[in-house]
Amino acid sequence: MIDTYVIPLVKILFVLNATLIGVTYMVLLERKVIAWVQVRLGPMRVGPYGSLQPIADAIKLILKEDITPTRADKWVFTAAPIIVMVPALITFAVIPFGPSVHLFGRDIPLQITDVNVGLLYIVSVASIGVYGIILGGWASNSKFPLLASLRASAQLISYEVAVTMTLVSLIMTAGTLSMVKIVEAQDSAHLWFIFVQPVAFVLFFIGGLAETNRAPFDMAEAEQELTGGFHTEYSGMRFALFFLAEYANMIVVSAVATTLFLGGWLAPFPNVAWLNFLDFVPGWIWFLLKTFIFLYIFLWVRATLPRYRYDQLMRLGWKVLIPVAIANVVATGIMKVLF
Amino acid sequence: MGNAIAFYVTAALILGFALLVISTKNTVHAVLFLVLNFLAVAALYVLLTAQFLAVIQVLVYAGGIVVLYLFVVMLVNLKRQPEDHSAPQRRPWLGFGLSAVVLAQLAAILVWGGAGMPVDPQTMQNTDLAVNNVERIGMLLYTDYLIPFEVASMLLLVAMVGAIILAKREL
């Protein structure tokens with residue numbers, strides 16, 4: 001009874017809340033980091049050093065008037081932000097945050113569930129998120145959002161192919177699709193997969209930037225060309241859902257990259273003997289630390305690089321990333337047969 | 001018991017969404033109901049402990065192909081009423097007859113083919129098939145079903161070449 005219902009429910013509640021808090025504070029972190037890059041202070045007024053700014057933002061967004069355009073398709077207009085948000089959150093179901101911990105006389109694995117198709121589950125759930133963006137733009141019944149959503153969905157579909165092809169070579173190295181077993185494979189190999197599959201790592205990170213609509217690939221919200229983007233007609237909490245889903249997706253991509261390439265909950269350099277003193281640090285702290293590094297790189301890239309032009313983006317996706325990903329799969333296969 | 005309830009609920013959802021797909025006037029809504037239909041079918045696969053198939057169903061159909069449908073439907077802007085589309089050369093009876101034949105075939109398979117549920121899914125939960133789903137499918141595809149698998153991939157290749165030739169008259 002406790003094992004089948006209580007523990008999973010507690011874990012789900014905990015992970016969902018932690019994610020949502022993480023998402024709101026990602027917004028603050030982004031404003032702060034970009035401000036520091038540009039030699040500004042960032043939010044400073046609400047709370048010490050602006051630390052309560054996310055709460056002020058949330059109250060503002062909830063209290064704002066929620067407008068549905070008169071000619072909009074009401075049902076689809078309402079559903080679109082939900083369709084974006086749900087896949088971003090349910091992806092966390094298969095991400096392992098750490099090895100099993102011993103609490104109250106039970107071994108509790110630190111992930112909601114471990115399915116044998118975990119990685120494919122993440123890819124397929126992420127592919128559902130595209131609908132929210134397409135439908136949000138279409139249902140607004142306004143030309144700029146429609147154009148933006150067509151752009152965004154073309155971008156997401158193109159980069160999805162590249163990312164999935166990249167993951168194939170990683171799956172070949174790990175020999176499994178289960179997220180937990182991928183980390184265990186890195187543990188038994190005493191090597192993070194970033195050193196085995198460096199090409200795949202770079203491709204995955206570029207693809208991840210594009211999949212989350214982040215700079216330099218934030219084509220969906222090119223303000224200068226599209227007066228905003230696919231969410232131009234959205235206001236209040238519905239806009240906030242689109243906004244938060246983007247940050248949730250960033251956390252998902254970072255957590256997946258950590259699990260696949262940086263050894264998940266493993267301590268750094270498990271093959272170096274004199275680093276063994278690091279073993280006292282619990283696994284989940286390593287996991288959060290590595291995920292945070294990825295998130296910081298996301299913000300850093302946004303503050304540094306200008307936006308790609310649309311045709312350059314498509315050329316990069318189809319003519320560079322996909323061929324390199326396929327070549328990487330072939331190379332991985334050859335290496336696997338030879339060694 | 002729980003499995004039976006889950007099965008009938010999913011089956012009802014599949015049929016309900018399928019009906020909505022063909023009865024909705026708005027084309028975009030029809031495509032959305034198609035997505036929900038595919039998701040319900042994926043749930044059915046999960047009930048049959050075919051997790052790999054379920055995930056691929058979502059990835060390929062719900063997340064891939066239907067997005068392209070939606071693209072086309074949105075771009076051609078089908079705001080006209082369906083009455084305007086009535087084609088004089090359409091033969092509703094032919095379609096009706098063909099679907100009746102398919103229905104009869106399915107019924108025949110159900111009655112004589114022994115297509116009942118072979119084992120109770122509850123007992124399948126921890127078997128080798130459930131735990132090593134991906135490995136088992138891979139092994140079958142590359143041993144027993146190698147020829148059909150290759151033929152299917154040839155078919156996709158032919159379709160791809162055909163699409164390229166149709167889209168680009170002068171290569």
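This is a predicted model: local features need pLDDT of at least 70, side-chain atom pairs count only at pLDDT 80 or more; totals for chains, interfaces and linings use all residues.

Biologist: At what angle do the axes of helix H8 and helix H10 of chain A cross?

Modeller: The helices concerned span residues 198–211 for H8 of chain A and residues 236–261 for H10 of chain A, and their axes come within 11 Å. The crossing angle itself is roughly 170 degrees.

Biologist: Which helix supplies the largest share of the side of chain A that touches chain B?

Modeller: In the contact between the chains, 16 residues of chain A face 17 residues of chain B. Helix H4 (118–139) and helix H5 (143–174) of chain A each supply at least two residues of the side that touches chain B. By class, that side of chain A has 12 nonpolar, four polar and no charged residues. The largest share, 10 residues, comes from H4(A).

Biologist: Is A:Asn141 buried, exposed or partly exposed?

Modeller: A:Asn141 is found in the loop between H4 and H5 of chain A, and its phi is positive, about 55 degrees, although it is not a glycine. A residue is buried if 20 or more other C-beta atoms lie within 10 Å of its own, and exposed if 12 or fewer do. A:Asn141 has 15 other C-beta atoms within 10 Å, so it is partly exposed.

Biologist: Where in chain B is B:Thr49 placed?

Modeller: B:Thr49 is a residue other than glycine with a positive phi, near 50 degrees. With 19 C-beta neighbours inside 10 Å, B:Thr49 counts as partly exposed. Its place is in the loop between helix H2 (27–47) and helix H3 (51–76) of chain B.

Biologist: How far apart do the C-alpha centres of domain 1 and domain 2 of chain B lie?

Modeller: Chain B is divided into domain 1, covering 1–79, and domain 2, covering 132–171. The C-alpha centres of these two domains of chain B are separated by 23 Å.

Notes:
Residues are numbered from 1 along each chain as its sequence is written. Chains are lettered from A and ligands numbered from 1 in the order in which they are written. Two residues are in contact if their C-beta atoms, placed from the backbone, lie within 7 Å. Helices (H or I, at least four residues) and strands (E, at least two) are DSSP runs, numbered from the N terminus. Ala, Val, Leu, Ile, Met, Phe, Trp, Tyr, Cys and Pro count as nonpolar, Asp, Glu, Lys and Arg as charged, and the others, Gly among them, as polar. Domain bounds come from an automatic or database domain assignment. Axes are lines fitted to C-alpha atoms, for helices over the stretch in contact, and angles run from 0 to 180 degrees between N-to-C directions.
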